[in-house]
Each structure stands twice: as C-alpha cells, then as structure tokens.
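Please open the structure in a viewer and follow the selections below in order. Each stop names what to select and then describes what is found there.

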Amino acid sequence: MSNVIEPVPAPVPAAHDGHSEAHPDFLQHHFDTPAQQFHAAKLGMWVFIATEILMFGGLFCAYAIWRGMDPAIFDQAHHFLNKKMGASNTVVLLFSSLTAALAVRSAQLGKRNQTSVFLVITILCAFGFLVIKYFEYTHKFHLGLLPGHCFGHPWFSGAIQNGEEVGSCLRIHADAAAGSPEWVRAVDESGNMQLLPPRANMFFGIYFCMTGLHAIHVIVGMSILTWVLVKNINGKFSKEYFTPVDLGALYWHLVDLVWIYLFPLLYLVGKPE
Amino acid sequence: MSTEHAHAEHDHPDDGRVHVHIATARFYWGIFGALVVLTLLTVKVSYYDFGSANILIALLIATMKAGLVATFFMHLRHDSLFNTLAFLAAFLFLGIFILLTYDDIGKRGQIDNAYGGVTDPRSGVSAPGGEPATSATQDSIEGDAPKGGAGEKKE
C-alpha cells in the first residue's frame, strides 16, 4: 500500500462529519462509490448465474438427447413420478421466491426486522421442499427404481435370477440364458402395474441426477440465506448497503428457475394415461 | 458514474449512492399469483394429450414463469441491461451446446449392445468402438416383452 499514490486524499471522519458518508465502512477501498460497488457485485452475480445455468445445461442436454433417442421410455417411466407432490413443491419454491423478493424489498427500505422475518420464511420453505423431496425419493428407493440397484446393466447384475424380487419390484429376463437385459415390473403412482424395459434406467438416472443437483443447490441456498440472516440480525445492512441480501436472493431465485423447468420436463411431459 | 440506470419517471442524482427501483409488496404478491396460476395450468394441460406438442406447451409455460421470476423477482426489469445480456448469453451457449451434441449423436452409431444397436443407423456398418451387432441387440426390445407384463397381478 505504501507505494500506491492515492489520487484523492481520504477524508478525516472526525473533522468533517458530513463527508463520512462518502466512504462508509461497507465500501471496499478499490471502489469509488457505493453505487459502483453495488453494480459490480450484481454483474458478478449474474455472470455466476450464467455459469450455473451452463452447469445444469449439461444435464438438460443429456435429457434432450436421451429423450430424443427413446421418447417411449420417458412417456412410460414418468408415471412413476407423483404430479401432486411435484406441483406442491413447485408452489412451495415459488412462495419462497416471493418471500426472498420481499426480504430484498424490506432491506431496500431499511426495515431490518421485516427482512429477518422474510428470510426465515424463505429458509423454512426451502426445508419444506427438501422434506417433500425426501418422501418422493424414499418411495422410489422402496420401489427399487434407483439406477444401479434395480436396473442393473447385464454386465454387472448377472447374479440376479429371473423373477427375483429386488425391493418391491420384480425383475424378468426375456431370455436369461442369452443374457438378455432385465425388465422391471412395478406399480406406478396411478396404481397401474407397469412393465419397464431395461432402458428405463435412463429416465430414472436423469431424474435423480437433475433433482439431486438441484437439491444440493437448495441446501447451498439455505446456507447462504442463513448467513445473510445472521448478518442482518447483527445489523450489518442498511438502506445504503443491502448487497448480500440482494445477491443471496438472486441465488435463491436461480434455484427456483431451475425447478420451474425440471418440474414439467420430468413430471408432466409424456402421454397422459 | 454513469447515469444509465436513471429512470424517466424519477431521475436519480449522480451522487454515487445506490438507487434502486422498489416495487410494492402488493406487486410481488401479484407476480406470485400469476406464477401459481401458470403452475396449475401446466399441470392441468398435462392430463390432455397434444402429441408432440406436449413438450412445447410445457416449455412455453415454463418459460413464461421463468420470465416472470427473472424480470421482476430478480429485478432485471430495472437493472442494468448488461446483466440481462449476461443471463441470456447463457441460454445462447446452452443452445449451441445442445445442437452440436445432437449433431454428434446423430452421426455415429450406438456403442452399447445392451441398449440398442451398435451400427450406424443409416449405413448398417458397425460403429467404431462398438461391439458387433447380434440378434439380441438388433431386435426391438419392445418386440418380445417377457411374460408377466403390465396388467397382470403380481404373485
């Protein structure tokens, strides 16, 4: 620092009380003004959001390719997802997005306690989302729809006999002697018996990967919002400085955005029964 | 500092302080209501079969919802245009990514004989890296479903 020439002499807070606002505590020394710092932070967050979209993009691409290769599998296997639970989770996430937006609004207005309340509601909704997801996942585990367990690739599951039950699903070989792939018979969400071809693990594989990566984002989002909440309770934010609340909420809206696409692509697309 | 964020209705002084558009709580609740209506709509239409348009309808409604969230909850409406460009650029590159992958997949054969053919779909020539095609892989798997299929009672 000693060899840096300061173009503008730093104000002396004690001498000029009116000028102390120009260099508040929250303003990093490499920014000229709070507005410059705010817009730089926002741009950084949006670039990060773009990279997040591209990370999920790999899975969306896999979805598009696999679905294009075998649309019948997706039509059939999506009946194992519960539309009501998916829709409930969508509304829970949309509501948490609303409260996140309201938290930012309260922070913009400098209403600290109101911001805390909205942040707490957002975090609770995130937890509720995970609880519903837990029930969906455990039901699928129980049915034995987890890829690698029920849908063994014939190279790896030779030990399983024809007609053997794994979990509550039945595995059937068309021609066990010829090493043909296994079919899986299980009851779907509408109570209908479905006979799933071996390739149905493509659907459940992409389902668990996409919703799993999304669930990780929900957990990260909860952590970020909790950190923002603690800082807010400690009085770190004001009308002039609420950037972490804004960026934390942006992250949370991203989690919502991803789910807005996951829900129809996984739960709704396909022929109705 | 630039004044590009100033709005026509209330110009901000260029004083270096953070000036943002603050919407009313009622407005945010209105957006939430619209999002819930669109969610119910997309569930409702999923019970009707529009053939190949199913996925287009679902994606159209999802994009409307995403647009509402990005524009208003994420403040893009009153934010710097450059942030919107950064956001939309992600979708541009995602599109390039998916199109190139589609092109690649369409021009080579499958290599896993448990899940379909191992030949080029048009020429019938064995695909590089794949195992030779057999009757087990060439026959459509749907063609010879094992006994004990859908509809039968589970013992």
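Begin with the largest nonpolar core of this predicted model, which comprises 83 residues. Within this core, Ala103(A) and Phe203(A) have the most contacts. Next, select helix α6 of chain A, residues 243-268: this helix gives the most to the core, contributing 18 residues. Chain B takes part as well, since the core draws at least three residues from each of domain 1 (1-79) and domain 2 (81-130) of that chain.

Now centre the view on Phe203(A). Which residues are in contact with Phe203(A), leaving aside its neighbours within four places in sequence? They are Ile73(A), Phe74(A), Ala77(A) and His78(A).

Move to helix α4 of chain A, residues 112-143. Its 32 residues should span 46 Å at 1.5 Å a residue, and the distance of 47 Å between its end C-alpha atoms agrees with this. Colour the buried positions of α4(A), among them Thr115(A), Phe118(A), Leu119(A), Thr122(A), Ile123(A), Cys125(A), Ala126(A) and Phe129(A). Lys140(A) and Leu143(A) are also buried. After the helix comes Gly144(A), with a positive phi near 80 degrees.

Finally, select helix α2 of chain B, residues 53-73. This helix has 21 residues and reaches 29 Å from its first C-alpha to its last, close to the 30 Å expected. Buried residues in α2(B) include Asn54(B), Ala58(B), Ile61(B), Ala62(B), Lys65(B) and Ala66(B); Val69(B), Ala70(B), Phe72(B) and Phe73(B) are buried too. An α-helix has 3.6 residues a turn, so residues three or four places apart point the same way. The tour ends at His75(B), which follows α2(B) and has a positive phi near 65 degrees.

How values were computed
Residues are numbered from 1 along each chain as its sequence is written. Chains are lettered from A and ligands numbered from 1 in the order in which they are written. This is a predicted model: local features need pLDDT of at least 70, side-chain atom pairs count only at pLDDT 80 or more; totals for chains, interfaces and linings use all residues. Helices (H or I, at least four residues) and strands (E, at least two) are DSSP runs, numbered from the N terminus. The expected span of a helix is 1.5 Å times one less than its number of residues. A residue is buried if 20 or more other C-beta atoms lie within 10 Å of its own, exposed if 12 or fewer, and partly exposed in between; C-beta atoms are placed from the backbone. A nonpolar core is a set of buried Ala, Val, Leu, Ile, Met, Phe, Trp, Tyr and Cys residues joined through C-beta atoms within 7 Å. Domain bounds come from an automatic or database domain assignment. Two residues are in contact if their C-beta atoms, placed from the backbone, lie within 7 Å.
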